[in-house]
Amino acid sequence: MRKRFACSYDRIELVITYACNLACNNCDAMVPQAVSGDRMTVEQIEKFIEESIEKKVHWKHIRVLGGEPTLHKDIFIFLDLLINYKNKYSPNTRIILVTNGHGKVVNKRISQVPKEVEIENSNKTSSIQPSFSPINEAPIDIVEHKKKDFSKGCWIPSLCGITLDMHGYYPCSTAASIDRVFGFNMGKKMLPTKLGELERLFPKACSLCGHFVEKANDLAKEDVITKDQVEKFEKIHKEKFAETVKDNELYEQVTSPTWKKALGRYKLRKPVLNRY
Ligand code: SF4
Ligand code: SF4
């Protein structure tokens with residue numbers, strides 16, 4: 001039976017921009033599907049750090065992503081603020097910049113990133129990503145999945161951690177993008193630290209998300225809730241994830257009926273969400 005996943009509240013991804021210099025099919029930040037100029041501000045990153053210190057959160061990792069994060073005009077201010085948090089408060093935190101490594105501008109910025117920041121570079125060369133999941137194929141539009149228990153989540157918030165974008169905290173970056181397209185306005189405005197706080201968004205978000213039916217979820221042989229369970233699953237995932245996507249052949253954008261409607265509405269009128 002499909003196992004249950006929880007968010008790791010000691011890991012986080014910051015989606016600082018929805019702009020990118022590529023336009024990949026099935027992008028799970030929905031960069032080309034739902035174009036947006038929204039981006040995080042310096043004040044929001046400062047607020048995130050203040051909250052982290054106030055709530056005594058020593059992040060295991062802070063992954064900075066987008067869109068393409070190096071294209072944010074304030075990227076180096078953000079990195080300096082995060083490095084300052086690491087140096088003064090949480091020396092074991094890994095700060096990771098997740099980039100597509102594509103093009104001159106991006107590569108120039110990568111070369112200027114301070115040494116305290118790790119670079120995770122996917123070195124993309126085109127907008128076709130066959131190994132991606134069909135993110136805009138809603139499980140509720142697929143007969144064999146429409147009645148699944150969506151409150152079980154998926155492996156992503158367990159391993160990548162929770163997400164913060166300009167609209168608040170979410171269980172994962174895909175949920176943040178689902179929110180900006182559907183306009184649920186469900187981003188939490190205060191840093192959540194307890195099990196259940198963000199998992200309660202799973203039923204709505206996962207019912208719309210192509211990651212819910214990924215084969216990688218079946219690598220879990222028990223629920224992935226506690227730290228021990230997450231670490232155990234992380235090992236298996238490292239060894240076997242490549243196997244679960246090796247037969248993916250996604251050469252085109254896939255958009256199921258529920259998404260077609262939502263993206264159509266988005267193009268006519270972009271929902272306005274409260275900001276973090
Ligand atoms: S590089 Fe990444 S963020 Fe940019 S469009 Fe492709 S998948 Fe989306
Ligand atoms: S919204 Fe998608 S990525 Fe997030 S927990 Fe649900 S299935 Fe996973």
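**Helix and ligands**

Modeller: The face of α1 turned away from its buried side carries Val42, Glu43, Glu50 and Glu54, which are exposed. Helices (H or I, at least four residues) and strands (E, at least two) are DSSP runs, numbered from the N terminus. Bear in mind that this is a predicted model: local features need pLDDT of at least 70, side-chain atom pairs count only at pLDDT 80 or more, and totals for chains, interfaces and linings use all residues. Residues are numbered from 1 along each chain as its sequence is written, and chains are lettered from A and ligands numbered from 1 in the order in which they are written.

Colleague: Which residues of α1 are buried?

Modeller: Ile45, Phe48 and Ser52. Those buried residues fall within an arc of 55° seen down the axis of α1, so they line one face of the helix. The arc is taken over the directions from the helix axis to the C-beta atoms.

Colleague: And what do the buried residues of α1 pack against?

Modeller: α2 (75-89) and β5 (162-165). Contact here puts the C-beta atoms of two residues, placed from the backbone, within 7 Å.

Colleague: What follows α1?

Modeller: Lys56, with a positive phi near 55°.

Colleague: Switching to ligands. Which residues are closest to ligand 2?

Modeller: Cys154, Cys172, Ala205, Cys206 and Cys209, out of 14 that surround ligand 2. To be near a molecule, a residue needs its C-beta atom, placed from the backbone, within 6 Å of it.

Colleague: Which helix gives the most to that shell around ligand 2?

Modeller: α6, with three residues. α4 (155-159), α5 (173-182) and α6 (202-206) each supply at least two.

Colleague: How do the residues around ligand 2 divide into nonpolar, polar and charged?

Modeller: Eleven nonpolar, three polar and no charged. Ala, Val, Leu, Ile, Met, Phe, Trp, Tyr, Cys and Pro count as nonpolar, Asp, Glu, Lys and Arg as charged, and the others, Gly among them, as polar.

Colleague: What sits around ligand 1?

Modeller: Among them are Cys20, Cys24, Cys27, Gly66, Gly67, Glu68 and Lys124. Gly66 and Gly67 are joined by a cis peptide bond, with omega about 25°. Gly67 lies in the loop between β2 and α2.

Colleague: Is Asn26 buried or exposed?

Modeller: Asn26 is buried, with 25 other C-beta atoms within 10 Å. Met30 counts as buried with 24 C-beta neighbours inside 10 Å.

Colleague: Now His58. Where is it?

Modeller: His58 lies in the loop between α1 and β2 (61-65). His58 is partly exposed, with 14 other C-beta atoms within 10 Å.

Colleague: What does His58 touch?

Modeller: Ser90, Asn92 and Thr93, leaving out residues up to four places away in sequence. Pro91 is 33 residues from His58 in sequence and 8.6 Å away in space, C-alpha to C-alpha.

Note on methods:
A residue is buried if 20 or more other C-beta atoms lie within 10 Å of its own, exposed if 12 or fewer, and partly exposed in between; C-beta atoms are placed from the backbone.
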